[in-house]
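Let's take a walk through this protein together. Have the sequence and the 3D view open side by side, and turn the model as you read.

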Amino acid sequence: MPFSSLGLSAALLRAVAAKAWLAPTAIQQAVLAPALQGCDLLASAQTGSGKTAAFALPLLQQFEAAVPQSPRRLRALVLVPTRELSTQVGEEIRSLGQHLPRALKVAIVFGGVSINPQMLRLRGGADIMVATPGRLLDLLDHNALTLSGVATLVLDEADRLLDLGFAEELTRILARLPQQRQNLFFSATFPPAVQTLAKTLLHEPVRIEVAPEPQTQPDIEQRVIEVDAGQRTQLLRHLIAQNHWSRVLVFVATKHAAEMVADKLRKARINAEPFHGELSQGKRTQVLADFKASRLKVVIATDVAARGLDIAQLPVVVNFDLPRSALDYIHRIGRTGRAGERGVALSFVSASSDAHWRLIEKRQGLGLVREQVAGFEAIKLNPAPGSDATTTLPGTGGIKGLRPSKKDKLRAAAARGQ
Ligand code: AMP
């Protein structure tokens with residue numbers, strides 16, 4: 001099905017063509033018609049599915065059809081969980097709206113930066129706003145905008161909004177929106193809290209759940225490598241050199257680890273930067289811009305970067321530290337293999353993280369064969385029940401911090417009859 005059969009305006013078709021998108025993705029095909037008709041939507045949308053354009057195009061078409069107001073009145077509000085996502089979504093809306101006959105003003109607001117410039121930019125109003133909930137409330141408290149003209153509300157990554165504890169902020173924002181409005185609700189998962197929010201928010205929603213298409217289904221090769229915790233940086237360096245990776249996103253558990261690993265890589269003359277929530281917004285924006293422009297080879301990130309980021313041609317994601325949950329695992333590895341490209345997701349597992357990895361594997365229904373890299377062989381860990389992928393050394397496997405000595409290894413080899 002071509003974009004031209006979806007009832008989009010000439011200006012929007014031109015923007016889509018400029019992006020060289022050949023056909024709408026499944027979520028776009030399913031969302032566009034009911035959204036353009038003004039229905040409420042409840043869409044199950046995976047990251048990388050093209051969901052941003054799925055809601056952006058109807059918002060833009062509605063803007064194009066609306067009677068111009070002076071000063072501008074905010075017509076559409078998109079709530080997102082993170083600063084990075086607000087910038088990404090806002091920029092996609094701007095680029096899709098660039099050929100509209102009337103100039104569009106998209107306001108992008110998020111916390112962690114001074115509020116004054118954002119207030120100044122809101123003078124004269126805005127047509128569409130992409131916001132994180134906390135900063136939006138700050139702006140409302142400063143009377144920097146009014147929501148009384150909002151005709152469409154989009155909740156993007158609703159599950160993440162609730163995960164991050166935005167429930168109360170959402171309630172306060174919803175109370176300030178007009179009763180009569182269209183609601184577009186996007187979420188990757190539907191735990192009970194998300195279902196409750198959807199029930200209170202939506203009026204006879206059209207439910208959309210699309211099976212990922214072959215060309216949009218992420219093509220991610222998942223691998224797991226056993227390595228002693230203290231050897232991980234060395235192994236990472238080795239893998240980067242050996243595989244000639246052009247760009248690698250490495251996930252760690254803490255800000256401190258991000259700084260430390262980046263530092264070690266830089267000392268080894270690998271162009272690496274940390275990326276975490278305590279960096280200034282300016283620095284974060286710079287790191288991402290450098291990474292996207294290939295001026296930077298490795299980014300060492302905390303989970304702040306796991307959601308929503310869209311870095312084209314990111315061939316490899318490495319879980320240097322394992323994610324806290326199976327859900328975080330999905331979000332992390334979803335940074336690679338986007339928009340039909342192939343990706344590799346590597347997870348490092350050591351004695352202390354062995355049990356946690358098995359939990360993630362179980363939740364994900366994975367049964368990956370554990371690999372070892374020559375020169376970086378780790379303690380042999382406990383195999384998953386029923387798996388013969390690894391062997392266990394007596395008294396050592398899976399015990400936190402315990403590494404077998406040479407003697408232990410020799411004894412174990414003898415016990416196996418080698
Ligand atoms: P999203 O799920 O919105 O984060 O989009 C994932 C990626 O798919 C982004 O890089 C979009 O620019 C890209 N994209 C969105 N729609 C299409 C399409 N119809 N054809 C090809 N790529 C698309």
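In which loop does P71 lie? Look between helix 3 (51-65) and strand 2 (76-79): P71 sits in the loop there. Please keep in mind that you are looking at a predicted model. Most peptide bonds are trans, and most residues other than glycine have a negative phi.

Two further loops hold backbone angles to look at. E157 is not a glycine, yet its phi is positive, at about 55°. You will find E157 in the loop between strand 5 (152-155) and helix 7 (158-163). Is E157 buried or exposed? Its relative accessibility is 6%, so E157 counts as buried. S294 is another residue that is not a glycine but has a positive phi, here about 65°. Its loop runs between helix 12 (281-292) and strand 11.

Now step back for a view of the whole chain. The protein has 418 residues, and 52% of them count as buried. Its secondary structure amounts to 15 helices and 14 strands. Among contacts with a separation of 6 or more, 72% are between residues 24 or more positions apart.

Next, turn to the sheet. Strands of a sheet pair through backbone hydrogen bonds, either parallel or antiparallel. Here seven strands make up an open sheet with parallel pairing, and reading across it gives the order 10-11-9-12-13-8-14. Strand 10 (272-275) and strand 14 (370-371) are at the edges with a single partner strand each, so one side of each has no neighbour in the sheet. Against the sheet packs helix 13 (residues 326-333), which touches strand 8 (219-226), strand 9, strand 12 (316-319) and strand 13 (342-349). The direction of helix 13 makes about 150° with that of strand 12.

You can trace the pairing strand by strand. Strand 11 (residues 298-301) runs parallel to strand 9 (residues 248-251), and four bridges join them. Moving on, strand 12 pairs with strand 13 in the parallel sense over four bridges, and the partner of V318 in strand 13 is L346.

Which residues of strand 12 are buried on its two faces? In a regular strand the side chains alternate between the two faces of the sheet. In strand 12, V316 and V318 are on one side, while V317 and N319 are on the other. These residues are all buried, and both faces of the strand are covered.

Finally, look for empty space inside the protein. Rolling a probe the size of a water molecule over the atoms shows where such space is left. A search of the whole structure turns up two cavities of 30 Å³ or more, and the largest cavity holds about 40 Å³. Its lining consists of L59, Q62, R75, A76, I128, A151 and T152. By residue type, that lining divides into four nonpolar, two polar and one charged.

Conventions
Residues are numbered from 1 along each chain as its sequence is written. This is a predicted model: local features need pLDDT of at least 70, side-chain atom pairs count only at pLDDT 80 or more; totals for chains, interfaces and linings use all residues. Side-chain values use heavy atoms; hydrogens and water are left out. Two strands pair if DSSP finds at least two bridges between them. Contact means heavy atoms within 4.5 Å. Axes are lines fitted to C-alpha atoms, for helices over the stretch in contact, and angles run from 0 to 180 degrees between N-to-C directions. On a 1 Å grid over the protein atoms alone, a cavity is a set of points where a 1.4 Å probe fits but cannot get out, and a pocket is an open set with protein on both sides within 12 Å along at least five of seven lines; lining residues have an atom within 4 Å of a point. Grid points are joined across faces, edges and corners, and a volume is the space filled by probe spheres set on the points. Ala, Val, Leu, Ile, Met, Phe, Trp, Tyr, Cys and Pro count as nonpolar, Asp, Glu, Lys and Arg as charged, and the others, Gly among them, as polar. Buried means under 20% relative accessible area, exposed over 50%, partly exposed in between (1.4 Å probe, protein chains only).
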